[in-house]
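Hello,

Here is the structure I promised to pass on to you. My notes on what turned up in it follow just below; please have a look at both together.

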Number of protein chains: 2
Amino acid sequence: MNKLFIVKIGGNVIDEPFALASFLDDFAKLSSPLTGHGAKCVLVHGGGKIATAIGEKLGIKPNYTNGRRITDDATVDLVTMVYGGLINKKIVAKLQSLECNALGLTGADGNIIPAIKRPVKDIDFGWVGDVESSRVKVESLQLLLEGKFVPVVAPLTHDEQGHMLNTNADTIASSLAVALSSYYDVRLIYCFEKKGVLENVEDEHSVIQIIDKEKYKRLVAEEKLFAGIIPKIDNAFDAISAGVKEVLIGDAKDILTNVGTNTTGTLIRN
Amino acid sequence: MNKLFIVKIGGNVIDEPFALASFLDDFAKLSSPLTGHGAKCVLVHGGGKIATAIGEKLGIKPNYTNGRRITDDATVDLVTMVYGGLINKKIVAKLQSLECNALGLTGADGNIIPAIKRPVKDIDFGWVGDVESSRVKVESLQLLLEGKFVPVVAPLTHDEQGHMLNTNADTIASSLAVALSSYYDVRLIYCFEKKGVLENVEDEHSVIQIIDKEKYKRLVAEEKLFAGIIPKIDNAFDAISAGVKEVLIGDAKDILTNVGTNTTGTLIRN
């Protein structure tokens, strides 16, 4: 099977123009047939603080119920506009200037990610979409990938009834990774604020290069891992159980420049 | 050659939710392989007043020089967000709910419409893109069309240097029509506020069904046409000279329901 890298960047990178420019430079190199391991690539991006800033100016107040953020009518329009328009097209235009054939998408475009509006239990989350990887339109994505496009996916889906939905970018990245793993040898790369999984939380240089199930059990038993990383690793193993080859997590600053060498970030695999 | 319909709707339709919903219903039928003449379709949409309304709330003041609107930094972000995000994705989500496999694009996506930032002569128009149909990426569009996607194109292009550009929707529609006319039998359909070209400006029922060059010359000589329609007809004949098969102009309310029957709108052809 051909290699496919699915790379997710979060709001922390998007909010800093220099960090974003440098990251996109690395991504363009990774996705180039000349410099990029011959792998196809997908970029999934998060939101960032800019939506909140624009929302404030528009008088759209963050709406919370029991401490949980609700996506009301005004908010779904706001994120559709900011994530699907402003951020997505800025990334696409920048990548195009770097000879990367980026094509921006939301889950509604080509119906690539149909979602279900989250059912109301204790809380009505509003226009939030839950995704199942089995419903991802793999044929449409394949067509784009084989057509030499580099999909750039905003954290938005739709309900197939005409409404856009707000969906977590990590969830979109892992759903795409799992769905595409039947057709590609998928490496899922999560960029976050740390260099990787740390052996010693106090020491940024103590990055663990490789974690497999055995090692993970041992680290958990020894209580070495900081709490925040555990759900990320659990999610990574879930993706691997569902067919994804490997998950790499590390810092957007350098994670893409050394893919395949195990010199940056933490590689999670079976 | 296969038939291709390129349909352009303006802001007047976009600004009215009911008119838009009804138009999209007709467009979905036209683009369906079952009900739509077996033609492939592209939809190009304009902006509408919503960008101005959102801009006002964000404190972005329309910027004019010598009476001409300038696209400054704040304005290009605004239109990228509103045209490329809010309007484009609402249209896409709605079409998807009608079983039309819409895929939203700006000229930056897949580099389908590279443009030149308008050169400064008397006025610096700012981030405005001028398009040449010879530079449209026909292969990318073909790939999408043959892949059963229905491109929905926002009035935005890019400069290939990382900047989005504001481009007139009529220009985008005619550039795409001309560029694609080497590969498809292209019918360009412009929706506007009138039922078509009127023989008598006072009488909405006096729509001229077909205009060819001869008839056009005669109508101009007889001073029968109202001034506003002449540039539209000139543009239509320009597109036809450049390879487009026919141009149909008429009211968004009914123009798509009778395509091919010559019962609504005015058909302009050689």
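Predicted model: local features only at pLDDT ≥ 70, side-chain atom pairs only at ≥ 80, totals over all residues.

In β14(A), T266(A) stands opposite I249(A).

Residues are numbered from 1 along each chain as its sequence is written, and chains are lettered from A and ligands numbered from 1 in the order in which they are written.

**The sheet**

β13(A) (residues 246-251) also pairs with β11(A) (residues 184-192), this time in parallel, through 6 bridges. One of the pairs there is R187(A) with E246(A). Both strands belong to an open sheet of 8 strands in chain A with mixed pairing, in the order β5-β8-β2-β1-β11-β13-β14-β12. At its edges are β5(A) (102-105) and β12(A) (210-211), each pairing on one side only.

In chain B, an open sheet of 8 strands with mixed pairing reads β5-β8-β2-β1-β11-β13-β14-β12, and β5(B) and β12(B) are its edge strands. There, 6 bridges join the parallel strands β11(B) and β13(B), and I189(B) has L248(B) as its bridge partner.

**Helices**

Helix α6(A) (residues 169-180) lies across β1(A) (2-9), β2(A) (40-45), β8(A) (150-153) and β11(A), and runs at about 170° to β1(A). Axes are lines fitted to C-alpha atoms, for helices over the stretch in contact, with angles from 0 to 180 degrees between N-to-C directions.

How do α3(A) and α4(A) cross, and at roughly what angle? The axes of α3(A) (residues 50-57) and α4(A) (residues 73-97) come within 10 Å and cross at roughly 130°. The two helices are therefore oblique to each other (under 35 degrees is roughly parallel, over 145 roughly antiparallel, 65 to 115 roughly perpendicular, and the rest oblique). Their crossing is right-handed, that is, the near helix is turned clockwise from the far one by less than a right angle. I50(A), A51(A), I54(A) and G55(A) of α3(A) meet L78(A), V79(A), V82(A) and Y83(A) of α4(A). These residues divide into 7 nonpolar, 1 polar and no charged (Ala, Val, Leu, Ile, Met, Phe, Trp, Tyr, Cys and Pro are nonpolar, Asp, Glu, Lys and Arg charged, the others, Gly among them, polar).

**The two chains together**

Chain B is superposed on chain A by a rotation of 180° with 0.0 Å of shift along its axis, at an RMSD of 0.0 Å. The two copies are thus related as by a two-fold rotation axis.

Contact joins 34 residues of chain B to 34 residues of chain A (C-beta atoms, placed from the backbone, within 7 Å). On the chain B side, α3(B), α4(B) and β5(B) each supply at least two residues, and α4(B) gives the most, with 13.

Best wishes

Notes: Least-squares fit on C-alpha atoms with pLDDT ≥ 70 in both. Contact = placed C-beta atoms within 7 Å. Helix = DSSP H or I, 4+ residues; strand = E, 2+ residues; numbered from the N terminus. Pairing = 2+ DSSP bridges.
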